Amino acid sequence: MIQSLFVLNGNGEVLIERQCQPPAAGAIGSERTACRVYWEQVVAASPRGPGDGSSRGGGCGDLLWYGKAGSVGDQGVGAPARAVCYVWAQRLTFLADVDAAMSATSRSVMTPALVLDFLENTLVPLVRTYCGGQLTEDALRENFVVIYELLEEVLDNGFPSTTELSALLPLVPPSSATVLGRMMEAVTGACRDSSSSSVPGGAHRPSNGGVTGRPPHGPSAGTFASAAESLMAAWQGSTATRPHLPSSSSSIAADAVGAHTASPLQRRGSAGLPWRSPGTRHPHQEIFIDLVERIEAILSGGHGEVIRGTVHGTIECQTQLSGMPELVLRLRDTEQAVDDMAFHRCVRLDAVPDCDASTVTFVPPDGAFTLASYTRHNLWTPPVNASGTARPFPLRVTYRVSTATESPPAEPPSATTSNASAVPRRHAPPTRSLLLHITLHALVAGDQQVEDVIARLPFTTTNASSRASAPLECRVRASSGIAAWDPLARALRWSLPRLASHTSATLTATVSPAGSIDAAASVPTAPILQLSFRIPRLSVCGLGIERLQVLRATHPPYKGMRCVTHTANVEVRPAR
Amino acid sequence: MKRRVLHFFSSHSKRSEVHEIREDLRSTSNTVKKYALRQTIASMTVGKDMSGLFSDVVNCMQSNNLEVKKLVYLYVNQYAKTQPDLAILAVNTFVKDASDYNPLIRALAVRTMSGIRLERVLEYLAPPLRAALRDADPYVRKVACLAVAKVYESSPRLAREGGFVQTLQAMLTEDGNPMVLSNAVAALSSIARRAGTSAESQQVFRVDRSLLSRLLIALNECNEWGQVVLLEAVARYVPGDAREAQVILERVLPRLQHANSAVVLAAARVVRNVAASSPAVSSPKVLPAVLSLVSTRQPPEVVYVALRTLNAMAQLDRGSLPGHFRAFFCDFDDPPYLKQEKLEMLVLVAAAENYERVLPELMAYANEVDVELACTAVRAIGRIGLLVEAAADACMEALAGTVRQSAPHLTQAALVAVQELMRRYPGRYATAAAVVQRLVAVSRSVDADTGQLELVPYEDVAARAALFWLLGECAPADALPLLRSVVSAGVDDEGFLGEAPAVQLQILTAAAKLWLRDAKAGQAASPSGELLRQALASAVSGAEESLDVRDRALLYRRLWEEGSGLEAVLAAERPAVRAPEALWESEEVLRRWLSEIGSVASVIGLVWVQSADSPPDRFVGEAGSAEELEPERGAESAPAPTPSGAMTVSPPSRSLLSADRGRGLRITGGVVQDAPPKRRWALAMTLENLNVLPGASGFAVQLNRNVLGLVPAAPMQVRPPLLQAGDSATVVVPLEQRAEHADDAKGRVLQIAIKCSPLGVLYFADTVPPTLIFRGASGAMDRGRFLQEWNRGGAEELRQRLPWRRVSSVEDARSRLLGLRAGDEAVLLHVVAERRLDGGRAVQLFAVVGVGMQAVLLVELVLRGEERVCEVGMRGRVSDACRRAFLESVGDCL
């Protein structure tokens with residue numbers, strides 16, 4: 001249970017405060033104690049405040065409340081335990097004071113961890129959207145009235161309530177100063193600062209049973225909501241720091257359109273489908289289906305074997321169809337390709353008796369939504385106790401590291417060489433350095449290619465010893481693409497726009513301590529290789545769309561289908 | 001100078017600002033008003049006091065502009081608490097708005113009024129709220145549902161008397177809108193949580209069969225947060241038969257694959273509970289669903305929750321997870337606490353079929369720069385060897401592979417692990433020379449000055465002890481010079497006398513073993529004899545601090561002088577150390593955690609106690625801090641009167657200390673009283689050593705001041721004195737009551753400290769059962785004293801109304817009350833005065849109840865026949881927990 005919620009700026013000043021519940025009897029501290037506790041923690045841990053990305057621990061149950069988003073709490077015998085959950089969004093802090101004892105005694109599943117999930121994946125995106133896509137102190141001050149109204153709807157009585165943008169928009173119209181507000185104004189003609197004094201929704205009185213004629217802006221509101229969703233998704237993607245599925249936004253987007261039958265302004269038709277209005281009309285009939293798969297894997301650098309690999313996939317739909325069409329989607333190889341599959345609620349589950357069934361029937365919501373998400377474990381690793389060859393990883397990576405004692409180099413600088421130290425030292429003592437050798441080999445079918453390959457080698461260590469922060473210098477040579485050493489980030493970055501099927505690219509680099517006298521003694525630790533790439537027209541799981549039928553269509557729609565594989569998190573461990 | 005100007009400027013601007021805003025608020029233009037209101041609220045957020053504008057702002061409420069109204073409501077909400085008189089002014093408008101034609105405004109008015117939480121305002125809320133609960137618009141009904149919960153928090157009386165709780169209950173079965181349903185459920189759960197007793201909360205919100213089906217149908221129609229609420233309600237329902245269980249599963253299983261982690265965990269809880277309740281149904285999908293949360297897509301905190309849940313699952317069912325071991329491989333970016341938790345999981349899932357893949361992964365972590373992670377990885381390799389016999393050889397090899405001269409922290413961890421493995425599988429590694437050679441090789445260095453061999457000074461006592469154990473057991477080539485370098489170093493803070501007792505013991509044993517080996521080979525006058533003599537001499541003369549060391553040295557010397565005795569003792573066949581259980585917690589506790597998947601208690605690892613007769617008010621295991629206890633006054637110094645006759649009590653099954661918190665020692669039991677007529681107090685406990693190596697010994701117990709004034713009457717005697725890993729012992733410590741040790745404020749909590757070696761002092765707590773809290777004898781008091789105590793200032797009174805459930809008449813109730821017995825079978829209520837009220841239809845009783853050692857609770861009981869309630873008033877310096885216990889016993893009796 002969230003007792004109060006605050007938004008603080010970089011100096012710990014309260015910008016927004018919302019008290020959801022009165023403190024329980026015998027609770028510790030006053031209403032703003034959480035802010036004080038939090039700020040003391042910030043000051044103690046890092047003088048720079050939020051935004052520097054450092055991680056640190058909290059007080060109560062130091063394991064759970066740790067990291068970028070953490071909690072602090074004071075817990076005593078018999079006293080209600082409190083947890084302060086906070087997430088950082090740019091320079092702002094979103095902070096929730098959670099009654100942990102309450103959620104413990106009531107056996108509620110709303111633990112501090114899940115409150116953090118709510119803050120990070122639901123509230124922050126919503127506030128960002130209402131602030132016009134940017135989360136700054138100024139934007140918040142500009143829109144604080146809207147934010148207050150938003151919080152009132154999102155967090156009623158300390159528990160998340162309405163969180164879908166499409167349901168919120170009619171309840172809390174965005175300020176006209178924002179892009180969202182102008183869009184809303186343009187599409188619906190209704191916005192908070194439109195000078196007409198008429199109350200939105202006031203035009204129709206609710207009659208018994210809610211039988212109203214046409215919703216005041218039925219179809220256009222739907223179109224607008226989907227446009228707003230895509231806008232939101234775009235902001236999400238551009239500002240996401242951690243590589244993750246936009247499923248965080250899709251938890252909003254998935255139920256985007258008209259999830260709330262109760263919204264007074266978006267009363268849906270009586271067809272019994274809360275996610276679709278029968279009055280939807282579009283000039284062009286279109287349906288796009290994307291199979292998007294994201295790879296999470298750990299590879300070993302020796303021969304590029306996969307130590308652990310998981311694929312998370314989603315079927316993203318974008319529909320513009322009039323009326324109430326029914327879609328039948330037939331998937332190929334579901335059984336072999338996928339471990340488990342979850343569907344959007346529009347899918348008729350009675351028509352899908354088991355996840356193994358490969359035919360899906362649904363009446364889609366209007367606009368963008370995630371039809372299904374699925375997971376495949378152990379795609380490249382053989383199952384335990386079963387002999388059998390595993391499938392090859394689409395990109396074969398070898399990453400070897402060795403140490404060498406060498407004199408300062410005499411090799412001519414090549415075009416792709418970049419020196420961190422401007423002046424090469426001529427008569428330096430022999431330094432011990434780290435030799436890195438990376439080979440990438442694309443193992444995709446002949447007509448495909450691996451695109452946007454980025455390999456990153458961060459030379460940062462978890463324990464901050466003096467050795468770790470000593471300056472490094474790096475000589476690097478790549479067979480193709482651009483390789484550069486970033487002395488500030490202490491990272492080597494190698495990017496390749498594309499790698500055609502069955503071609504290779506190699507990179508060799510020498511990293512050694514720069515400058516100092518005792519450089520000879522210290523060799524940097526071999527870093528992990530973080531890899532990201534994209535393979536269009538490939539579903540690594542082997543899932544495919546066999547057929548898409550549209551029943552009850554007014555006109556035959558245009559159908560677009562494609563698949564793409566991304567990396568979510570692929571790391572390669574060095575082989576010695 | 002500059003500062004003064006600024007100061008003047010700001011105060012000037014403030015005064016004029018307020019003035020200007022007031023002017024603007026009185027404007028007729030909505031735009032101007034709106035701007036002024038925005039400014040007001042902006043100043044309010046910054047912390048300026050804008051309460052002076054209250055009446056002007058309230059006037060703006062008459063506006064029919066939604067924008068303006070919302071702003072006014074925001075303002076009123078903030079200042080209503082500080083300006084209660086003015087808030088009343090706003091009430092009329094609120095009530096009017098609550099019947100506005102626009103549903104948004106109706107909802108807004110109800111929500112704002114319920115949020116003000118002033119009883120005077122709330123009284124006006126009753127009629128509009130009643131209307132809102134029956135509103136045609138579902139949005140208004142939804143807001144009204146939550147408003148009831150808010151009203152209940154501020155004034156339970158109003159919510160109950162106004163019939164709102166009943167209306168909510170009716171809405172559960174009547175309202176057709178899924179969102180309203182989910183919010184009604186949320187409101188009722190919140191009310192049930194606030195309700196004092198579990199019986200009351202059951203009364204407020206009970207899920208029956210018809211409601212269940214409604215909840216399940218609504219599940220698909222709600223957004224994720226609504227689903228969480230509904231799933232939590234479904235989790236309260238215990239299915240009656242397998243068919244019903246099947247119906248629940250059909251509806252809930254798809255939720256396991258939701259994108260929202262809260263939904264997944266709530267659904268996992270339901271599925272798990274359903275499967276647990278009916279054995280015919282299996283729950284195959286819970287595991288993959290929770291596993292899917294272990295992913296970089298989730299925030300690390302959520303991953304942690306998932307890992308803790310999986311941990312309990314893996315402990316309960318070791319066969320379920322080995323195939324999924326890859327999910328617990330650490331990512332580079334994982335925060336340290338996740339990595340630690342994942343390593344723990346790797347130990348739990350390791351099995352004969354997967355250790356070949358798990359061990360190389362752990363060895364990779366052992367090479368990490370993070371020292372703590374590397375050490376945990378090495379320890380994990382050792383633990384896998386202990387648990388999985390097939391993996392033992394591979395683990396030995398892996399341990400040898402991790403050892404490096406440059407990484408002493410790894411060598412220390414490996415030393416302990418190798419020693420444990422050798423003791424676990426005796427005989428098997430008698431010739432594990434390669435590993436030991438390597439360990440010894442990296443643990444020694446050559447002194448630059450003297451050219452002598454010496455040992456690397458490891459900090460970890462356990463590692464040093466393990467090293468000497470290995471030297472004695474395997475007798476590698478350098479054993480003798482290395483031991484000599486320690487034994488013959490004469491300085492006080494170095495050498496033999498500088499070592500910890502645990503290390504000294506191992507040195508003695510190692511020296512004796514070396515001598516034995518030489519003697520067997522026929523070299524009786526070898527250097528090892530000299531070594532042993534030196535070691536024994538320093539132990540006997542120097543080791544004053546540890547009697548154990550001296551005793552062992554004396555014993556060895558005697559046996560040595562005797563001739564063959566030493567061999568009989570040291571070379572005897574030793575039994576294998578039993579494998580530590582994979583189960584850290586008792587099965588019952590694990591099952592309980594899993595029945596509460598995702599709750600705080602199950603994540604942090606607390607045991608939640610809710611017996612039928614105690615209100616849920618605290619956790620066991622969260623004992624007080626060390627300062628509160630005085631463990632130095634240990635039982636060694638406690639007077640030991642010989643108990644007259646051994647007590648025969650069996651320990652209760654309350655969990656006192658989990659193995660997790662007890663670092664391998666699990667304690668169950670609690671305070672008991674033996675059978676009449678003796679009624680002696682005792683602390684009966686079962687101690688289980690799950691994996692304290694080399695065994696727990698030297699137990700002593702102490703109690704903190706408590707309500708019963710209990711102190712140990714005799715030292716704690718554990719049989720056998722050395723509790724080996726895997727063994728358990730039952731111990732009964734006789735207790736006696738002492739007035740100076742009584743503390744009435746402690747309630748039913750009995751804080752206990754147990755000292756043992758090598759764990760040190762462990763703190764935990766027991767909850768005294770309510771029947772034992774009350775003292776029947778010596779509770780009587782005369783009327784004058786009673787009056788004096790009753791009227792004494794400062795003795796705050798607690799009043800409560802308890803409904804009758806079992807009794808029918810006043811007489812019946814009275815006789816039942818007077819028949820109540822305390823823990824010692826004496827009468828509980830000592831009636832001081834009694835009179836009839838309302839012409840005999842009610843009875844008023846004044847009575848005294850003895851609590852704990854010496855406190856008394858003064859009670860007034862009024863039995864009202866017409867209303868079928870018992871009013872209880874209580875005074876006296878007695879803690880709330882005891883008062884509640886009394887209320888419960890009265891409530892149970894009626």
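Two residues are in contact when they have heavy atoms within 4.5 Å. In this predicted model, where local features need pLDDT of at least 70, side-chain atom pairs count only at pLDDT 80 or more and totals for chains, interfaces and linings use all residues, side-chain values use heavy atoms, with hydrogens and water left out. Residues are numbered from 1 along each chain as its sequence is written, and chains are lettered from A in the order in which they are written.

Tyr558(A) lies in strand E23 (residues 558–573) of chain A, a strand being a DSSP run (E) of at least two residues, numbered from the N terminus. When its neighbours within four places in sequence are left aside, Tyr558(A) is in contact with Gln285(A), Glu286(A), Ile287(A) and Phe288(A). Although Tyr558(A) and Glu286(A) are 272 residues apart in sequence, they are 4.6 Å apart in space, C-alpha to C-alpha.

## Aromatic pairs

Over all chains, the structure holds 12 aromatic pairs, that is, rings of Phe, Tyr and Trp (its six-membered ring) whose centres lie within 6.5 Å, with planes under 30 degrees apart counted as stacked, over 60 as edge-to-face and the rest as tilted. The rings of Phe362(A) and Phe369(A) form an edge-to-face pair, because their centres are 6.4 Å apart and their planes stand at 70°.

Phe362(A) is buried, with a relative accessible area of 0%, and Phe369(A) also counts as buried, at 2% relative accessibility; buried means under 20% relative accessible area, exposed over 50% and partly exposed in between (1.4 Å probe, protein chains only). Elsewhere, ring pairs link Trp380(A), Phe393(A) and Phe533(A) into a cluster.

## The second largest cavity

A cavity is a set of points, on a 1 Å grid over the protein atoms alone, where a 1.4 Å probe fits but cannot get out, and its lining residues have an atom within 4 Å of a point. The second largest cavity has a volume of about 110 Å³, a volume being the space filled by probe spheres set on the grid points, which are joined across faces, edges and corners.

Its lining includes Glu149(A) and Glu152(A) as well as Lys70(B) and Tyr139(B). Helix H5 (144–154) of chain A and helices H4 (66–79) and H6 (103–116) of chain B each supply at least two lining residues, a helix being a DSSP run (H or I) of at least four residues. The largest share, 4 residues, comes from H6(B).

Key
On a 1 Å grid over the protein atoms alone, a cavity is a set of points where a 1.4 Å probe fits but cannot get out, and a pocket is an open set with protein on both sides within 12 Å along at least five of seven lines; lining residues have an atom within 4 Å of a point.
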